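Student: I've just opened this one and could use a quick tour. Can we go through it piece by piece?

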Amino acid sequence: MSKRSGIESSGSSNKRAKKSDTFGAPSADDQNPLTSQLTAPSSTSLSTRTLPIRTVPALVTLCARVFVANLDILFEKHRDDTQYWLKLLPDAIVPRLFAMLSTSHPSKISHPFISTYFLRGDPITLSGNLPGVSSLTLQALGKMEYPLQSLQLTDLDKISDNTFARIFPNFPTLETVILRGCERAGKATVDALAKGCKKLKILNLSYTSAPPKSISLVTGQCLDLEVLKLAGIRGLTDIAFATILNPESDEDAPSKPLERLRSLKLRHTLITELSLSRIASRCVALTRLDVSFTPIRQPTVVFDGSFPLKLEKLSLTATPLTSAFLQKSTIELPTAFFSSLRVLQFGALGSMPSSRVRTTPGSLTLTDQVLDGLIDVLAACQAIESISLVGNAKLGLRSRANSALARFIRTVGRRCKVLNLAGITHLRSSDLAGLAPMEDQVEDVGLSDDPASYTPSPLHTLNLNNTDVGDEAAQYIASCKQLSTFELAGTKFGYDSLFSILDGCEHLTTLDLTSCRGIKVGDRRRFFEIWKEHQNGVHG
């Protein structure tokens, strides 16, 4: 085998290829990832760390890590042996190793490298974030024949519709197909799926050019569909969606179209509440529904008890719901809604997603009065674990000690694992007091009958971006012992308060300090190091 067989520089320039004849030779594009993170200009200031390993990894994992860490040396000094062993690698290990290489060495993964060693195993995952993935890569994939079950192609926005379409005839065993962000995937692609992949269970066509009529062919032929994601599909109106819900199908088939559907994503489409009634009657097994950024004004069918489904997730972010509708409907929520709901996304309610006019705070409808009415309703949702109120800028306008936001956080928010309060500009530090266990709360808020009020919050992700929260909230946040991700862009936190949070939250691995005014720009991306220096008495 030639020493350059299957291994090429990822750059397209001939000059670059001459400079770097050997795979993995150091270049300006292939610098240490940490150095790149510290020096590259960026609009975000994300500080991360890796926690110490508390268990011994599997031997396969350790070997894969060593291979990835020594990729340059292996191809410089042991090219032939490395190529030989890569070809002998068991199919079951290939996807994991390719994922690790894609994360650590994306610029070094060329088309020949992918097609020679990594177009096997299950799943096959290719992303537009890898410069080496091209039409040639997908053409090579389309020539293969083996019982592949999962194919995940994302953000390949330069690949043609016909190139995608040629892949699927050879893979009739596919159960999962993800084409999210493949903008040119259209009629030919979806028609090929409908004709050749009738075992599909999971299909993601979000942000593609898939026409609704072709999608209806898939829903008519693929009767085992459990997950269907159609976010951002152009021309997806109520009329077009009706053809997807009621496609032509074999009347003698053992099940009806979409009868087994569990998850449906329709965000950034033009459907209205009319489609919700049709969903309720057709998709009888549905548990997850995302209709964010749609012109739905009055989803009465979801709230009045006539919706027969037990939803686990409901996303209505950026829908033009009115305050009057929210106040009336939430009081009448059915018992099934309480027992099953786990994820609720109520961001920027009242905004107009289909309008070109920028949403103003005056158009938002989730006010303190409405939230007051929601609290007792949400408190009855015993399974709730994730809530987003992002962008509801009218919340917190009524300044008082026991505000609606404070009561919400104390009664509902502290029970969640994920809490997104970003963009609530009037959220104050004192409102977060309810995150602390009841006996640690300073304010006299009365005793609670809920035993969970006296234990640490299970919160692991907290988003306070662009709020009025600052140092005074540190003691409450530090009580969340499971916190792993904390986003505080545009807030007022300073060094000492963040040090105390890191002292209390030993699982914290990610901090977003973008535009955090109390932290020096040069310290934001390396704040975990700054904290360690502070502990050792190095940082002043």
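Predicted model: local features only at pLDDT ≥ 70, side-chain atom pairs only at ≥ 80, totals over all residues.

Student: At what angle do H12 and H13 pack?

Tutor: The angle is about 10°. Angles under 35 degrees count as roughly parallel, so H12 and H13 are roughly parallel to each other.

Student: Which residues make that contact?

Tutor: H12 brings Asp238, Phe241, Ala242 and Leu245. From H13 come Leu274, Ser275, Arg278, Ile279 and Arg282.

Student: How does the contact of H12 with H13 split by class?

Tutor: It has 5 nonpolar, 1 polar and 3 charged residues.

Student: What else packs against H12?

Tutor: Buried residues of helix H11 do. They also pack against helix H10 (187-196), strand E5 (202-204) and strand E6 (227-229).

Student: How many residues of H11 are buried?

Tutor: 7 of the 10 residues in H11 (residues 212-221) are buried, so the rest of the structure largely encloses this helix.

Student: Which ones are they, in H11?

Tutor: The buried ones are Pro212, Ser214, Ile215, Ser216, Val218, Thr219 and Gly220.

Student: New topic. How do the axes of H20 and H22 cross?

Tutor: They cross at roughly 90° and come within 10 Å. H20 covers residues 495-504, and H22 covers residues 527-535. H20 and H22 are therefore roughly perpendicular to each other.

Student: Which residues meet there, between H20 and H22?

Tutor: On the H20 side, Tyr495, Leu498, Phe499, Leu502 and Asp503. On the H22 side, Phe527, Phe528, Ile530, Trp531, His534 and Gln535. By class, this contact has 8 nonpolar, 2 polar and 1 charged residues.

Student: What does the side chain of Gln345 join to?

Tutor: The side chain of Ser315, through a polar contact of 2.7 Å.

Student: And which residues is Gln345 in contact with, leaving aside neighbours within four places in sequence?

Tutor: Ser315 again, plus Arg267, Lys313, Leu314, Leu316, Thr317 and Ser388.

Student: Now zoom out. How many helices and strands are there in the protein chain?

Tutor: The chain has 22 helices and 15 strands. Of its 540 residues, 49% are buried.

Student: What about the accessible surface of the chain?

Tutor: About 25200 Å², with 53% of that belonging to carbon and sulfur atoms.

Student: And contacts along the sequence?

Tutor: Take contacts between residues at least 6 apart in sequence: 74% of them join residues at least 24 apart.

Terms used
Residues numbered from 1 in each chain as written. Heavy atoms only, no water. Axes fitted to C-alpha atoms, helices over the stretch in contact; angles between N-to-C directions. Helix = DSSP H or I, 4+ residues; strand = E, 2+ residues; numbered from the N terminus. Parallel < 35°, antiparallel > 145°, perpendicular 65-115°, else oblique. Contact = heavy atoms within 4.5 Å. Nonpolar A, V, L, I, M, F, W, Y, C, P; charged D, E, K, R; others polar. Polar contact = N/O pair within 3.5 Å; in protein donor to acceptor, adjacent residues only side chain to side chain. Buried < 20%, exposed > 50% of the residue type's maximum accessible area, 1.4 Å probe, protein only. Areas by Shrake-Rupley, 256 points an atom, 1.4 Å probe, with all protein chains shown as cover.
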